[in-house]
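Hi there,

Here is the structure I promised to pass on to you. Have a look at it first, and then read on for what turned up.

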Amino acid sequence: MVDYYTERGSYVFCSFVDFLKAFDRVNYWKIFNKLLDDNVACDVVKLLSFWYSNQSVSVHWQNTQSESFGIQNGTQKGSVLSPFLFTRYICEVLSDIVNSNIGCSIGGCMVNILAYADDLVLLAPSWRALQQLLDKLQVAAGQIDMCCNSKKTVSPKRQS
């Protein structure tokens with residue numbers, strides 16, 4: 001994409017997006033409903049809902065262990081299933097960006113977002129278009145209680 005645009009004397013502007021505590025903010029019940037909407041077998045969703053709703057943890061700090069307590073949100077750290085569940089959780093966010101018709105186009109194919117789990121890169125042919133994508137991302141992510149980590153979200157500075 002970048003080569004295509006730069007070889008034609010144009011630019012590609014990008015923003016590397018980081019969600020604030022992304023995997024911790026996933027609402028179990030929303031993701032389970034999304035899986036049911038996708039026709040995932042009811043028994044599989046029941047199993048996942050049992051696992052996730054019965055999790056408990058304790059905190060170990062300076063030779064002291066806390067009482068166990070339940071977790072209400074989030075996907076399991078290190079689980080091979082977590083990137084899949086997170087990606088499904090933000091599917092509508094990704095769709096809002098993809099369907100915005102704002103971004104870089106090659107041969108009629110619009111490319112405006114690259115994503116794997118909670119790692120996103122927005123691509124646009126101008127600063128203004130990139131800001132429009134960031135605005136759309138903020139609104140769509142807010143609908144599922146996600147927010148961007150402004151300290152880790154990076155839009156590289158324009159070079160002269």
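To get started, in which helix does Arg88 lie? Arg88 belongs to helix 4, residues 82-89. Helices here are DSSP runs of H or I with at least four residues, strands are runs of E with at least two, and both are numbered from the N terminus.

Some ground rules before the rest. This is a predicted model, in which local features need pLDDT of at least 70 and side-chain atom pairs count only at pLDDT 80 or more, while totals for chains, interfaces and linings use all residues. Residues are numbered from 1 along each chain as its sequence is written, and side-chain values use heavy atoms, with hydrogens and water left out.

Back to Arg88. It counts as buried because its relative accessibility is 11% (buried means under 20% relative accessible area, exposed over 50%, and partly exposed in between, with a 1.4 Å probe and protein chains only). Its side chain makes a polar contact with the side chain of Asp38, at 2.4 Å. A polar contact is a pair of N or O atoms within 3.5 Å; within protein, one must be able to donate a hydrogen and the other to accept it, and residues adjacent in sequence count only if both atoms are side-chain atoms. Not counting residues up to four places away in sequence, Arg88 touches Ile31, Lys34, Leu35 and Asp38, where contact means heavy atoms within 4.5 Å.

Next, find Tyr28 in helix 2 (residues 28-37). Tyr28 is buried, with a relative accessible area of 3%. Its side chain makes a polar contact with the side chain of Gln55, at 2.8 Å. Leaving aside neighbours within four places in sequence, Tyr28 is also in contact with other residues, including Tyr52, Ser53 and Ile71.

How do helix 2 and helix 3 pack? Helix 3 covers residues 42-53, and the two pack at an angle of about 170° with their axes 10 Å apart. That makes helix 2 roughly antiparallel to helix 3. Axes are lines fitted to C-alpha atoms, for helices over the stretch in contact, and angles run from 0 to 180 degrees between N-to-C directions; under 35 degrees counts as roughly parallel, over 145 as roughly antiparallel, 65 to 115 as roughly perpendicular and the rest as oblique. Among the residues that meet here are Tyr28, Trp29 and Phe32 in helix 2, and Val45, Leu48 and Tyr52 in helix 3.

Now for the rings. The structure holds nine aromatic pairs. Rings of Phe, Tyr and Trp (its six-membered ring) pair if their centres lie within 6.5 Å; planes under 30 degrees apart count as stacked, over 60 as edge-to-face and the rest as tilted. One of the pairs is Tyr4 with Tyr5, which is edge-to-face at 5.8 Å centre to centre, with 65° between the planes. Ring pairs also link Tyr28, Trp29, Phe32 and Tyr52 into a cluster.

Two rings have a charge over them: Arg8 has its charged end over the ring of Tyr4, 3.8 Å from its centre, and Lys34 lies over the face of Tyr89, at 5.8 Å from the ring centre. For this, NZ of Lys or CZ of Arg must be within 6 Å of the ring centre and within 35 degrees of the ring normal.

Finally, take a look at Lys21, in the loop between strand 1 (13-18) and helix 2. Lys21 has a positive phi of about 45° although it is not a glycine, and it counts as exposed at 58% relative accessibility.

Happy exploring!
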